[in-house]
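Here's a quick tour of one protein model, put together for someone just starting out. Have a look at the structure first, then work through the notes below.

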Amino acid sequence: RPLSISAPSNAAHFFTARYFNQDHLVNGGNAFYAVRRCEYWPLDRNTGPSSNVSVTLSWNAAACPPIYITNPVDLRVVRWSGADWISEGNGGTTGTPSSGTIVTATPVTSFISGNQFTFASVSAANPLPIVLAWLRAIPAQDGTVNLQWLTSSELNNDYFEVQHAGVGESFKTFT
């Protein structure tokens, strides 16, 4: 999937970008609601320490299902500093929840070897999903139903809330 940069200030300066459709395996404290864990882009500034560039990342729901972007305004491009996720801001988005792009708010000025870029959300409006392995509903003899589920990964998940509703009824949370 594409990552694009603005033109470097010197035509002799160059950058190398790669894309990985997998977990970046980086954990660190940050001020974000959630950091995307299913894809990342390493971006290296190979020459030209003075060339700073704007970075544009793309998303596609098929790369990391389910669709998780509901409010692009709350997305941020983030960069791993070696110790923490640093916001490079949201300079604008294009597209839909299914696919689109986001550009940094200003040119990126700091690059470390193996810099990793990905998305983060500053609110719950863009829930970056858990991965549900399976869900089972097992009827019991007394007329109740036992629910069982297994997740294969979770990030920033505190609890699950189970709700139910009959036909034409509003959902109610089990307590």
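Strands here are DSSP runs of E with at least two residues, numbered from the N terminus, and two strands pair if DSSP finds at least two bridges between them. Keep in mind that this is a predicted model, where local features need pLDDT of at least 70, side-chain atom pairs count only at pLDDT 80 or more, and totals for chains, interfaces and linings use all residues. Residues are numbered from 1 along each chain as its sequence is written, and side-chain values use heavy atoms, with hydrogens and water left out.

**Around strand β9**
- The hairpin gets from β8 to β9 through three residues.
- Across that pairing, T94 stands opposite T101 in β9.
- β9 also pairs with strand β5 (residues 55-60): five bridges join them, again antiparallel.
- In that pairing, N60 stands opposite S99 of β9.
- Strand β9 (residues 99-103) has a covered face with G100 and I102, while S99, T101 and V103 sit on the uncovered one.
- Why two faces? In a regular strand the side chains alternate between the two faces of the sheet.

**The whole chain**
- You'll find 14 strands and zero helices in the protein chain.
- Buried residues (under 20% relative accessible area, 1.4 Å probe, protein chains only) make up 31% of the 175 residues.
- Take the contacts (heavy atoms within 4.5 Å) between residues at least 6 apart in sequence: 64% of them join residues at least 24 apart.

- L135, V145, L147, W149 and F160 make a nonpolar surface patch of about 460 Å².
- To join such a patch, nonpolar side chains (Val, Leu, Ile, Met, Phe, Trp, Tyr) lie within 5 Å, in residues with over 30% relative accessible area and no salt bridge.
- A salt bridge would be a side-chain nitrogen of Lys or Arg within 4 Å of a carboxyl oxygen of Asp or Glu.
- Strand β12 (residues 145-153) gives the patch its largest share, three residues.
- L135 belongs to strand β11 (residues 131-139).
- L135 counts as exposed because its relative accessibility is 56%, and exposed means over 50%.

**How confident is the predictor?**
- The chain averages a pLDDT (the predictor's confidence in each residue, from 0 to 100) of 82, and 86% of the residues score at least 70.

Technical notes
Helix = DSSP H or I, 4+ residues; strand = E, 2+ residues; numbered from the N terminus. Patch = residues over 30% accessible without salt bridge, like charges linked within 9 Å, V, L, I, M, F, W, Y side chains within 5 Å. Areas by Shrake-Rupley, 256 points an atom, 1.4 Å probe, with all protein chains shown as cover.
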